[in-house]
Each structure stands twice: as C-alpha cells, then as structure tokens.
Amino acid sequence: MNALTRDEFDALLQGAAGVLKTKANVIAIPGEAILGIEAVARCCAGPGRRFLNLVTGPYGRDFGLWLREGGAEVFDLETPYDETASPEAVAAAIRAFEPDALSYVYAEAVTGGANPAEAIQRLAREAGVMTIIDAVSSVGADPFSMDEWGVDIASLGLQKALLGSNGISFVAMSNQALQWMRQNPRAPKHSILSLPELYDAQREAVPMALSVLEAREALRAFEAIETMGGVDALTKRHQAMAALVRREARALGYELYQKDESTCTALNTTLLRPDTLAGRAFRGEGIVTPGNGALSEVLLRVNHYGDHCTEADAVRALETLKSLL
Ligand SMILES: *Cc1c(COP(=O)(O)O)cnc(C)c1O
C-alpha cells in the first residue's frame with residue numbers, strides 16, 4: 001500500500017479541525033480515542049496543578065485517576081449516572097476549589113447523558129479556567145464548537161457519530177494548552193503519550209506510526225460528512241433520530257434512564273430495562289444492547305448513531321424494544 005502523502009495527512013487534520021470547528025493545533029493519534037484521552041491527562045497532570053473533574057460516567061472517573069497518578073490535585077464533582085452536571089454545581093465548585101483546569105466528558109454513551117457543555121464553557125471562560133473535553137461521543141450528534149466555546153483541549157474519535165472507524169483519533173489543543181503541556185516536568189518524554197512531541201513530529205513529517213488504512217478510512221468518513229451537508233447536518237440528523245426514538249419508546253411504555261430529557265445526548269438513547277422475562281434475558285439485538293457492566297441490569301442502549309442513524313434502524317430497534325415488554 002502506498003504511503004500516506006503530505007496532502008492526504010493535511011486533509012486528515014483539516015477534516016478533524018472542520019468537525020471540531022477549530023483553528024487550534026490538531027494532531028492525529030495513532031490509536032483508539034482512549035489513547036489520546038490518556039495522553040491528555042498525562043501531559044497536563046503534575047504536582048501543584050489543580051483540576052476540577054466532572055464525573056458523570058466511567059470515562060470521567062478514569063480521567064480523574066490518571067490526573068491523580070500524575071501528581072495533580074483533583075476535585076471530582078460526581079453526579080449519579082442518570083443525571084449530568086448542573087451549571088450551578090460547576091460554578092460553585094469553581095469558586096470553592098479554584099482549579100487551573102476543568103475536565104469533563106461531554107456525552108457518555110454508557111449513560112446516554114450529555115453535560116450542558118455550552119453553559120459550562122461560559123462559566124469556565126468567565127473564571128479563566130482552562131477546559132479539557134472528551135468529545136468522542138458527542139461531535140456529530142450534539143452541537144459542538146471548539147473555538148466559539150473557548151475549549152482548550154478536545155479529544156475526538158470517529159467511531160461514534162462521525163461515520164468512521166476507531167483506529168485513528170485526534171486531539172486539538174489551543175496554543176495555551178500546548179504551552180501548559182510543554183511546561184509540565186511530569187509530562188511523558190520520548191513517548192507516544194507525549195502530545196507536544198507528536199505535535200512537533202507531525203509538523204515535520206507524515207507520522208510513520210499512523211495506520212495508512214485507517215487514515216484513508218478517516219478521509220472517507222470526512223468526505224461522507226461533507227457530502228451530506230457537513231457536521232451540522234449530521235448533528236441535526238442525530239437529534240431528529242434521538243427525538244423519534246425517545247418519543248416512540250415512551251409510547252410503548254418505556255421510561256428514559258436519564259431523569260431529565262433535556263440532558264439526553266442525541267448519540268444514543270438509554271431506557272430503563274423492563275423487568276420482564278424477555279428484558280432480563282436480553283443479550284442484544286442489532287443496535288439495541290444491554291447496559292455496560294453494572295448497568296446491564298438497569299438500562300438498555302439504543303445506539304442509533306453513525307451509519308445506524310437511519311429510519312430502518314429505528315423501526316427495527318423499536319420492534320426489538322416492543323418484544324421485550
Ligand atoms: C464511546 C467510546 C468507546 C466505545 O464505547 P461503547 O460502550 O462500546 O460504545 C470507546 N472509546 C471511547 C473513548 C469512547 O468514548
């Protein structure tokens with residue numbers, strides 16, 4: 001297979017910048033999004049650095065663990081998984097803890113909840129706090145605007161709403177965030193987890209570590225998004241699908257897992273698992289799956305995202321849901 005050209009690589013970074021709506025520094029991560037997310041935590045965390053970390057699901061919890069391992073002072077603002085962080089609670093925690101940075105997951109596919117990111121960003125900007133977002137499960141399904149919202153660091157994957165695969169992911173960083181990582185004596189050095197090193201290397205040359213197959217697949221995904229009218233059109237499509245599935249599932253008698261419908265992500269829909277023989281025995285069918293881990297006994301996920309954001313998928317999913325009652 002031919003090596004990736006500089007033009008292809010530049011188009012790849014531009015594709016990621018386009019869906020994030022940013023002019024910030026974008027780097028390609030040679031691996032699944034979790035690699036970039038861990039790299040962000042390791043590059044930012046150090047003694048004397050204070051983080052307010054929102055925990056609304058498992059990914060937020062893991063991020064806090066990595067920050068602590070790096071010697072940072074971390075205050076976890078935890079919410080039950082069937083709720084998301086309230087802007088009031090975040091504002092109070094910023095005042096009380098005075099963090100250098102605020103980290104959170106925008107939408108968690110595991111819970112079906114989306115934090116009120118736009119409102120949270122406004123609070124962080126006012127307080128002069130840097131912001132770090134795991135946007136893997138949101139971009140393409142929930143509105144996101146990195147520069148307009150003043151996000152400093154955003155992690156991106158393509159395997160959720162963005163019609164792509166999980167072999168390459170991206171991290172976008174403001175100049176200030178990149179500086180902050182460079183100044184951190186505890187950041188990884190000579191390491192695939194060093195984002196400043198990846199940034200410098202990728203300005204020089206097309207990275208060897210990047211899978212050519214996955215890179216071309218990502219380019220195809222970005223082109224597909226363009227063809228359908230861009231990331232806003234894709235977001236609208238997910239929002240319409242989520243509204244339809246929520247409405248029809250409720251009409252069948254289901255209850256949403258998230259307590260407040262306004263905090264549901266448009267990526268997928270989480271529903272309380274019916275306490276029936278079929279509900280308890282359910283192991284998954286099509287885009288309907290049991291919850292992850294301990295949530296398998298609590299909720300069902302309808303994963304109507306990416307290539308499965310179609311009416312045919314919705315119809316089939318609703319038939320599955322009906323059969324479990
Ligand atoms: C959503 C997500 C996955 C996949 O999780 P599923 O529960 O299989 O949907 C993997 N990695 C990251 C970083 C994610 O956000």
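Before you start, note that the model is predicted, with pLDDT of at least 70 needed for local features and 80 or more for side-chain atom pairs, while totals for chains, interfaces and linings use all residues. Residues are numbered from 1 along each chain as its sequence is written, and side-chain values use heavy atoms, leaving out hydrogens and water.

**Exercise 1. Describe how α1 packs against α9, and which residues make the contact.**

Step 1: Find the helices. Helices are DSSP runs of H or I with at least four residues, strands are runs of E with at least two, and both are numbered from the N terminus. Here α1 covers residues 6-20 and α9 covers residues 212-227.

Step 2: Read the geometry. The axes lie 10 Å apart, at an angle of about 45°. Axes are lines fitted to C-alpha atoms, for helices over the stretch in contact, and angles run from 0 to 180 degrees between N-to-C directions.

Step 3: Classify the angle. Under 35 degrees counts as roughly parallel, over 145 as roughly antiparallel, 65 to 115 as roughly perpendicular and the rest as oblique. α1 and α9 are therefore oblique to each other.

Step 4: List the contact (heavy atoms within 4.5 Å). From α1 come E8, A11, L12, G15, A16 and V19, and from α9 come A215, R216, A218, L219, F222 and I225.

Step 5: Sort these residues. Ala, Val, Leu, Ile, Met, Phe, Trp, Tyr, Cys and Pro count as nonpolar, Asp, Glu, Lys and Arg as charged, and the others, Gly among them, as polar. The contact of α1 with α9 has 9 nonpolar, 1 polar and 2 charged residues.

**Exercise 2. Work through two further pairs, α10 with α12 and α7 with α8.**

Step 1: Start with α10 and α12 (residues 311-323), whose axes are 10 Å apart at an angle of about 25°. The two helices are therefore roughly parallel to each other.

Step 2: Look at the side chains. M241, L244, V245, E248, A249 and L252 of α10 meet E311, A314, L318, L321 and K322 of α12. By class, this contact has 8 nonpolar, no polar and 3 charged residues.

Step 3: Move on to α7 (residues 175-182) and α8 (residues 195-204), whose axes come within 9 Å and cross at roughly 120°. α7 and α8 are therefore oblique to each other.

Step 4: Name the partners. L178, M181 and R182 of α7 touch L195, P196, Y199 and D200 of α8. These divide into 5 nonpolar, no polar and 2 charged.
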